[in-house]
Amino acid sequence: MARVLIENVTKSYGKTEVIHGIDTVIEDGEFIVIVGPSGCGKSTLLRMIAGLEEISSGTISIGERVVNDLEPKDRDIAMVFQNYALYPHMTVFKNMAYGLKLRNFSKNDIKQRVDQAAKLLQLEDLLERKPRQLSGGQRQRVAMGRCIVREPKVFLFDEPLSNLDAKLRVQMRLELRNLHKRLKVTSIYVTHDQVEAMTLGDRLVVINDGYAEQIGSPIDLYERPATKFVAGFLGSPSMNFIDARISADGRMAELPGTFSLALGSDVTVGQEGRAVTIGIRPEHFSLAEEEQSAFSLKIDHAEFHGADTIIYGRIADNDRLLTVRLPHRHEINLEKHLFLAVAPEHIHFFDQKTGKRI
Ligand SMILES: Nc1ncnc2c1ncn2[C@@H]1O[C@H](COP(=O)(O)OP(=O)(O)O)[C@@H](O)[C@H]1O
Ligand SMILES: [Mg+2]
């Protein structure tokens, strides 16, 4: 096992820099998820750790060794891709054994390692089957098995579940988590899917356009996003953002129009009169009597999702779009307004220009 140290790493393709100096430590045995929208540089970063891309500047260490100039095969890593091509003409056993055979492991060693991995992955009864005789989930497990038998110091995953259907993805997520609990091998997992990131990672690195926006536990990132980008990226439906002004006495956030939100006393000290962007998650609105509400919402439409109801509407006097999530099933009368309140502790503040949390 090993910790992975990434120090001021950049990557340029020709004159275009796509990774702008990322610093992070992945602790020994940790499961870290690199998450961000498509094209932000996740795969590039992972491929630099794997040795499949050259590092333009900075240092990557695995364990005690700087690996910048090491070949992928000398880095003690194993990488699982989205397209995990198994050899179709080989049995499950042979698929898992192949890499070891190439490395001249003895027959006994190979059998012992494959049997152990098969047990861990519950593939013991399938060892003589060919890939076409397996389900998608079983094939994915064989691909994992091929990596496990090599006993790498670090697992790297690049969107390994994106080709699977929704139900299987959830199941594989649990299996990966359990596997990690048993093996405790340092794991770096890339995905654009924020739910996958939140559920798998001990910590997340949120990447935006080649910059690490924030690094932390899923709960920290969700509850205290450092930037508007992180706030909007994590959580579904996304956080609502409304431009507003903190009142002169600091006690209200004045929305465009006539409505205002009552604020907690300590958040806005020193921010009186400042123009800000406020953020409110859809689940943090509550229904209120008209007199206790902060504002009313004209409803555009409502979706019943089973466990909750998602309502799309506009703030009555300024037409800002809002998404509201109410638990359970609500009979929504589209003709009526919804009166909403927000607890002050659920209001986030961001600088209008930089997007940084205030
Ligand atoms: N071989 C390459 N040559 C030039 N640009 C590339 C190459 N590979 C990736 N890029 C660019 O680098 C950026 C990051 O890509 P990538 O790491 O694949 O993103 P992600 O995995 O987050 O979707 C993108 O703008 C992409 O177009
Ligand atoms: Mg990618």
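Me: Before we start, what does buried area stand for here?
Reply: Buried area is the accessible area, with a 1.4 Å probe, that two parts lose on being put together, summed over both. Keep in mind that this is a predicted model.

Me: Thanks! How is the protein chain divided?
Reply: There are two domains: domain 1 covers 4-233 and domain 2 covers 240-351. Their centres, taken over C-alpha atoms, are separated by 40 Å. Seven residues from domain 1 and six residues from domain 2 take part in the contact.

Me: And how much area do domain 1 and domain 2 bury between them?
Reply: About 630 Å², with 61% of it on carbon and sulfur atoms.

Me: Which residues in domain 1 lose the most area to domain 2?
Reply: Look at Tyr222, Lys228 and Ala231, which together make up 74% of what the domain 1 side buries.

Me: Which elements supply that side of domain 1?
Reply: Helices α7 (218-223) and α8 (228-233) each give at least two residues to the side that touches domain 2. The largest share, three residues, is from α8. Sorted by class, that side of domain 1 has three nonpolar, two polar and two charged residues.

Me: How many salt bridges go across the interface of domain 1 and domain 2?
Reply: Zero by the rule used. For polar contact, the count between the two domains is two residue pairs, both at pLDDT 80 or more.

Me: Switching topic: how many aromatic pairs does the structure hold?
Reply: Nine. One of them is phenylalanine 157 with tyrosine 189, at 5.4 Å centre to centre.

Me: What's the geometry of that one, and why is it called tilted?
Reply: The planes of phenylalanine 157 and tyrosine 189 are 40° apart. That counts as tilted because under 30 degrees would be stacked and over 60 would be edge-to-face.

Me: Where do those two residues sit in the chain?
Reply: Phenylalanine 157 is in strand β7 (residues 154-158) and tyrosine 189 is in strand β8 (residues 186-191). The pair links distant parts of the chain, 32 residues apart.

Me: Now the backbone. Which residues does a cis peptide bond join?
Reply: Serine 236 and proline 237, with omega about -5°. Proline 237 is placed in the loop between α8 and β11 (240-246).

Me: What about phi of aspartate 76?
Reply: That one is near 60°, a positive value in a residue other than glycine. Aspartate 76 is found in the loop between β5 (65-66) and β6 (77-80).

Me: Why flag those two features?
Reply: Because most residues other than glycine have a negative phi, and most peptide bonds are trans.

Technical notes
Residues numbered from 1 in each chain as written. Chains lettered and ligands numbered in written order. Predicted model: local features only at pLDDT ≥ 70, side-chain atom pairs only at ≥ 80, totals over all residues. Heavy atoms only, no water. Domains from an automatic or database assignment. Contact = heavy atoms within 4.5 Å. Salt bridge = Lys/Arg side-chain N within 4 Å of Asp/Glu carboxyl O. Polar contact = N/O pair within 3.5 Å; in protein donor to acceptor, adjacent residues only side chain to side chain. Helix = DSSP H or I, 4+ residues; strand = E, 2+ residues; numbered from the N terminus. Nonpolar A, V, L, I, M, F, W, Y, C, P; charged D, E, K, R; others polar. Phe/Tyr/Trp six-rings, centres within 6.5 Å; stacked < 30°, edge-to-face > 60°.
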